[in-house]
Amino acid sequence: MRQLVRIATFVLAGIAVFAMPSVVIAQEAEATAAVSDQPDPDILIDLHSGIFNYLQGYLDTDEFSYYNEAISLFDSVLERDPGNRMALLFRALCHGRIGLAEREARLTAEDERSRIDETIRIRENPELRDEYEQEMADCEAKLADPDLEPSERNIIQLRRDELDPLLIFDDFKKDATVDELREERNDAQHRMVVVSKRERAKYIDMLNDLERLLAVDDQPETVIRLLEVIARSKVARLDEEEAVRILEGEMPDGLASGPPAALREASAAALSDAAAILESIQSEDMLNEDSIRAKFFLGVIRYRQAVPRQTEDEPVKRDMTLLGEAERIMTELVDEPLAAATWKSYSALYLGLIIPIRAVTEPTEAARDRALDEANSRLDQAAALDTVTPDDGQESYSDSGGAIPLVVNRQRAVLREAREQPVAKPQYINDLRLTLSTGISRDSNVVLLGERTDLPRGISDEEDYGFRLGFAVDYTLDLALIDPSLDKWTFGFRGRTSQLWHVEIDEFDEQVYGGSFALQYELAPEEGNIGPVYAQLQYDYDYTLLGREPFLSTNSISPRLRTYWDDQRGNSDLYFRFEIRDYDEPLFDKRFNRDGHYFRVGVFQSHKMFDMAPTIESWGLPAWGHQNDDAFAQEDPDYPGRYFTPFMGLEYGWDSTAGDEFDMRYFEFTFGAIVPLPYGLLFDTTIDFTWEDYLADGSLVDFHRRGREDFIQRYEVGLSRTYVLREGAAANRYNLPIDQTLMTIRGFAAWTLDDSNVVDRFGQAIFEYDRVIYGINVAFSFN
């Protein structure tokens, strides 16, 4: 079957599918049918007739009724022989050819819409027609030069052929009003959408037949799997384009297939599946042509994954890792001596698209211009490879039917514009953020009263309401702004204070004042789906007052190793913390002195596992819902995605105090998740278990002098929503000006259960307690 069909797909040319010469296909089909073990001669007749109709349709590209007739015959064969490989293959090809016919109809409607758009622009800006007429005259003058290179001639002729019908159309519509033109434009848009849906349906039919064929074929030929890649990539492109139409308001009412997030998720999944297929066959012993074809397809898919279709208003998303992989693949194909000129020309063209994206990230003008020169050279190479000059002296022509010259001409304009733009500086951070928070809560056990334990003297009840007020200032600086050689270093500072006042139990009012300094160094950049990797070092100081009296001061230092993975949607931390505590409290026995050194070592991991926005929208509810939510894209690269994010951590610690009553070691296990809900709400939950083993031979408090052991359970749930009160400029998320205001409202409830084995001589379990806190907080962030 390898010789039955040879497929080539060129995305920029509209993914044109072509086969071997019909005589070769007919011979192979006849040979395959002749050796078929099917006993029913009617099946062979229908199979032969279906293949004949397919070949007739292939030869007569203006008559696609042949394909529909062929499909009916193959349907008949498959009703009697569901596993007939030939029928499945050729029916899939028929669906694909009809899909191409629908594509041509879609492009016709799209061209009509584009011409109307240009005519409207000319009406609104009459000088534009003068510019087009001058460009037309320039094209004619250049074409009159007999020494013009054939490849340049093809490019200029194509541009002239674009301008000529545009000007003719404008003349033809000179009596139409702008409103009438807009109505015609909407009609063309409607036709384009309707046809695109028929086109997608045909590729789905093609994909279904190929999946059936793969299911009955234990060792499918590479060409069949390449056909599957084509079908998946075409469906992905149509879904991606529909999502953009919806977001741009270009989708007629009632024709949307689903919410844009779901369409984009489906498109990304289809491309990922196609890439996985191509990667799986790369190591196989394929024919050279198949190997080159598969490699080219993989490069195209990596490019599409790296540069997804977006609206002009969306923040630009570029995956430079995937883009680098696409550039590597296309460079290898251009340099491949066994590759045909067709593959080389399209690979060079893709390099002309890929390299400019890399160029705009270069830190200097010289480096950027070198990259743009390289891109321009690749475009020239693509045009030259695409130009065919017959030996009989006839006029040269474009092997791609004008597709490559069209893109070359447009991309050259992009390169010229890129050279005029200022050099894109690295997005270094010099940022200031202020946070003001307040909240009210109800605490069931303010004094941590133990089981069967009397209240402290002067306190009438362990329950009380609390009012909290906090303020923090954060500053972050990438040190490359001071010295470019320090581009891997980042400095951070935070100053903070938190005040808690109770309505009745003012002896347990808390005031905390603190500050932090941190340094971060990038150990390794992102490669593939792993990284970047950072080494971090942080110093913290906190001073705490209890009942408006000095109570505790702490100094701590924390080294940490942080690794991002899965395109930075996951992070894993390995950390150590050393803390010095100094308590200011009266002691009746120095063995109860808690001053000392506290050590912690642990791991923590979180992962944005999957985007729940499509699921939420499938319920008929908005994933976000507030008019200013788009401002989240300024800092969140995953917006408008909303990710289900589980997390977990494990910590081991030991305390070495001046006394020995509170010396201990412990294990703590924490896990939880952040769950997006409709309307931008977030539900979060945290569960924490701690096992404490005190090291004193016997607790001084316990009546039987048993060693103290505690098991502490903590549970917390929260429901929050962040609102953008003022959007601000995106650039200021990384700079000092404060022009954005966010408000976060969070309701919460937390439970603590401390189960301790210590009981004093009065039967009081003073270390065993239950506690419930619930309340609501409001925080304002100014950035």
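**View 1. Helices α4 and α7 pack in a roughly antiparallel pair.** In this predicted model, we start with helix α4, residues 85-124, and its partner helix α7, residues 178-216. Their axes come within 7 Å and cross at roughly 160 degrees. Angles over 145 degrees count as roughly antiparallel, and α4 and α7 are therefore described that way. The crossing of this pair is left-handed. Looking at who takes part, the contact of α4 with α7 has 19 nonpolar residues, along with six polar and 21 charged ones.

**View 2. Helix α7 also packs with helix α8.** Here the partner is α8, which covers residues 222-247. The axes of α7 and α8 are 9 Å apart, and the angle between them is about 150 degrees. With the cut-off for roughly antiparallel set at over 145 degrees, α7 and α8 are therefore roughly antiparallel to each other. Where α7 passes α8, the crossing is left-handed. The residues in this contact divide into 14 nonpolar, two polar and eleven charged.

**View 3. A nonpolar patch lies on the surface.** Now for the strands. Leu436, Ile440, Tyr465, Phe467, Leu469, Phe471, Trp501, Val503, Ile745 and Ile776 form the patch, and together they have about 870 Å² of accessible area. Strands β3 (430-443) and β4 (464-478) each supply at least two of its residues. The largest share, four residues, comes from β4. Val503, another member of the patch, lies in the loop between β5 (489-502) and β6 (510-524).

**View 4. Gly531 and Pro532 are joined by a cis peptide bond.** Zoom in on the backbone here: omega of the bond between Gly531 and Pro532 is about 0 degrees. As for its setting, Pro532 has its place in strand β7, which runs over residues 530-546.

**View 5. Gln568 has a positive phi.** The backbone is again the thing to look at. Phi of Gln568 is near 65 degrees, a positive value in a residue other than glycine. To find Gln568 in the structure, go to the loop between β8 (549-565) and β9 (570-583).

Definitions and conventions
Residues are numbered from 1 along each chain as its sequence is written. This is a predicted model: local features need pLDDT of at least 70, side-chain atom pairs count only at pLDDT 80 or more; totals for chains, interfaces and linings use all residues. Side-chain values use heavy atoms; hydrogens and water are left out. Axes are lines fitted to C-alpha atoms, for helices over the stretch in contact, and angles run from 0 to 180 degrees between N-to-C directions. Angles under 35 degrees count as roughly parallel, over 145 as roughly antiparallel, 65 to 115 as roughly perpendicular and the rest as oblique. A crossing is left-handed if the near helix is turned anticlockwise from the far one by less than a right angle, and right-handed if clockwise. Ala, Val, Leu, Ile, Met, Phe, Trp, Tyr, Cys and Pro count as nonpolar, Asp, Glu, Lys and Arg as charged, and the others, Gly among them, as polar. Patches are made of residues with over 30% relative accessible area and no salt bridge: like charges are joined within 9 Å, nonpolar side chains (Val, Leu, Ile, Met, Phe, Trp, Tyr) within 5 Å. Accessible areas come from the Shrake-Rupley method with a 1.4 Å probe; for residues, only the protein chains shown count as cover. A salt bridge is a side-chain nitrogen of Lys or Arg within 4 Å of a carboxyl oxygen of Asp or Glu.
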